[in-house]
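Please consult the sequence and the structure shown here alongside the text.

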Amino acid sequence: MLFLHMQQHNVLILDFGSQYTQLIARRVRELNIYCEIHPFNKLPKNTNEFKAVILSGSPSSVRGEDAPHPDLTLIRGKKPMLAVCYGAQYLAHFSGGKVAPSNTREYGRANLSFVKNNEPFFSNISEGSQVWMSHSDTIKELPTGAVHLASTSDVENAAFRIEGEETYAIQFHPEVYHSTDGKQLLENFLVNIAGVAQTWTPDSFVETTVANLQEKLGNDKVVLGLSGGVDSSVAAVLLHKAIGKNLYCIFVNNGLLRKNEFESVLNQYEGMGLNVKGVDASARFLNALAGLSDPEEKRKAIGNAFIEVFDDEAHLIEDVKWLAQGTIYPDVIESVSVNGGPSATIKSHHNVGGLPDFMKLKIVEPLRMIFKDEVRRVGASMGIDPELLGRHPFPGPGLAIRILGDITSEKVRILQEVDAIFINGLKDSGLYDKVWQAGAMLLPVNSVGVMGDERTYEKAVVLRAVESTDGMTADWVNLPYEFLQKTSNQIINKVKGVNRVVYDISSKPPATIEWE
């Protein structure tokens, strides 16, 4: 692990499958404290590396036969521990308390109606503070040795601590935005009670990561696939700082990039000091995708084609031993379940996982443990061009997952033209930097239209723009009607083959950012 030698205290988050687990990590990182998420049943080998532990919520009930049952013998009473929602109910249920189905709906906003005086855990948090509840069970009786700390009007045992231990438990979610003092509570626990140092910054990440890369890679040669996006670019600069001329960057045109992107990205990397080679493999990718409509099959076909291209290019580099990837933490979280395997996955990620044996390359992922906004801050600390860092995320499989159904060169052309009008329009209108990610989708349907006196039967496209911080959750952006009207007119008038434009107003969850 790249953080093996970090000279600072870490926080371990045990994941029980909650939809909010990644938000806990984000809130902890915002306090300049490094943390890691591990499945509850796969503790890291050396728990001594961690200064404090947080137990996440869960969709399970502690009363169920399949309830997650962690082994806390190495943690409880030995390290400061904060149990959130399911974690709190777990402590109560298995430590002499009582958990039962709630008679009152306990979901959504609530306010603290009682807070015990002079408790460091609730320092600077008073009665009336808004919290976010999300559970169907409730703690009826506190566990042995518990001290009652807080209540809401409907939840008597909203918070407690265990006497003689630095163990705290809450039935609400401090990580959720609607818990207005949630960050303060996490700071109270981690900094004031657990004594965790707030030393995890972009500069410290760069220093530690470069040192670990140097130790890990030595004088080995590394090949990296650049995409033109933030993640691979920041990964490249980190690797370049560590190994210099031993880094070989390849930018592949998979035929699924945005309009004119291959040339513009290659120009973008000029002057950055990186050794970059452009490879046009568009025909290879389009052939691999021919006839495929299923999203997972398309992703796998693209992933396999990337591997083939990189294998060909790697053979041209003498003694290359490593393949570097711009994998970031959300990729890892979305691709792995709390059971440690591929989840009933939302989607697979082309850059998460191993490589086929024939490549004989080891993987290095310098950004694997950080979120997208952290990647940008790391890039800024290294002096990377703000325009590059401000670029919207773009999926690794490119337009293949924005073209619903099978892929043809004509469909790619249509979507490239539509996307260019949309993205350039956002930039010209001063809206681009107010949007986290935007793009267009080509639907596998034709609709009836009228142009002049003629009836048309052409494609429908969807415009999508969302606001987010890390891609784990996202809200659709309320773009001005005037902008949408102008953009729709331009697309229909200028892009042959399109006669209908719609705007996606779905948030994540329940939808995803991409359509496939």
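The side chains of Asp220 and Lys321 meet in a salt bridge, with 3.7 Å from N to O; a salt bridge is a side-chain nitrogen of Lys or Arg within 4 Å of a carboxyl oxygen of Asp or Glu. This pair links distant parts of the chain, 101 residues apart: Asp220 is in the loop between α4 (202-217) and β10 (221-226), and Lys321 is in strand β13 (residues 320-324). The model is predicted, so local features need pLDDT of at least 70 and side-chain atom pairs count only at pLDDT 80 or more, while totals for chains, interfaces and linings use all residues. Residues are numbered from 1 along each chain as its sequence is written, and side-chain values use heavy atoms, with hydrogens and water left out.

**Salt bridges**

- A search of the whole structure finds 23 salt bridges.
- Asp220 counts as buried at 18% relative accessibility, whereas Lys321 counts as partly exposed at 40%; buried means under 20% relative accessible area, exposed over 50%, and partly exposed in between (1.4 Å probe, protein chains only).
- Lys277 forms a salt bridge with Glu313, the closest N and O atoms being 2.8 Å apart. Lys277 lies in strand β12 (residues 276-280) and Glu313 in helix α8 (residues 295-314), so the pair ties together parts that are 36 residues apart in sequence; helices (H or I, at least four residues) and strands (E, at least two) are DSSP runs, numbered from the N terminus.
- Lys277 is partly exposed at 38% relative accessibility, and Glu313 is buried at 11%.
- A network of salt bridges links Arg26, Arg27, Glu30, Asp373 and Arg377.

**Helix α1**

- Nine of the ten residues of helix α1 (residues 21-30) are buried, so it is largely enclosed by the rest of the structure.
- The buried residues in α1 are Thr21, Gln22, Leu23, Ile24, Ala25, Arg26, Arg27, Val28 and Arg29.
- Just after α1, Asn32 takes a positive phi of about 60 degrees.

**Helices α5 and α10**

- Lys372 and Asp231 form a salt bridge, with their closest N and O atoms 2.8 Å apart. The two residues are 141 residues apart and link distant parts of the chain, Lys372 in helix α10 (residues 372-381) and Asp231 in helix α5 (residues 230-243).
- Both partners are buried, Lys372 with a relative accessible area of 7% and Asp231 at 15% relative accessibility.
- α5 and α10 pack at an angle of about 45 degrees, with their axes 10 Å apart; axes are lines fitted to C-alpha atoms, for helices over the stretch in contact, and angles run from 0 to 180 degrees between N-to-C directions.
- α5 and α10 are therefore oblique to each other, where angles under 35 degrees count as roughly parallel, over 145 as roughly antiparallel, 65 to 115 as roughly perpendicular and the rest as oblique.
- Val230, Asp231 and Val234 of α5 make the contact with Lys372, Val375, Arg376, Val378 and Gly379 of α10; contact means heavy atoms within 4.5 Å.

**Helices α12 and α13**

- The axes of helix α12 (residues 409-428) and helix α13 (residues 481-494) come within 10 Å and cross at roughly 150 degrees.
- α12 and α13 are therefore roughly antiparallel to each other.
- The contact involves Val418, Ile421, Phe422, Gly425 and Leu426 of α12, and Phe483, Thr487, Gln490, Ile491 and Lys494 of α13.
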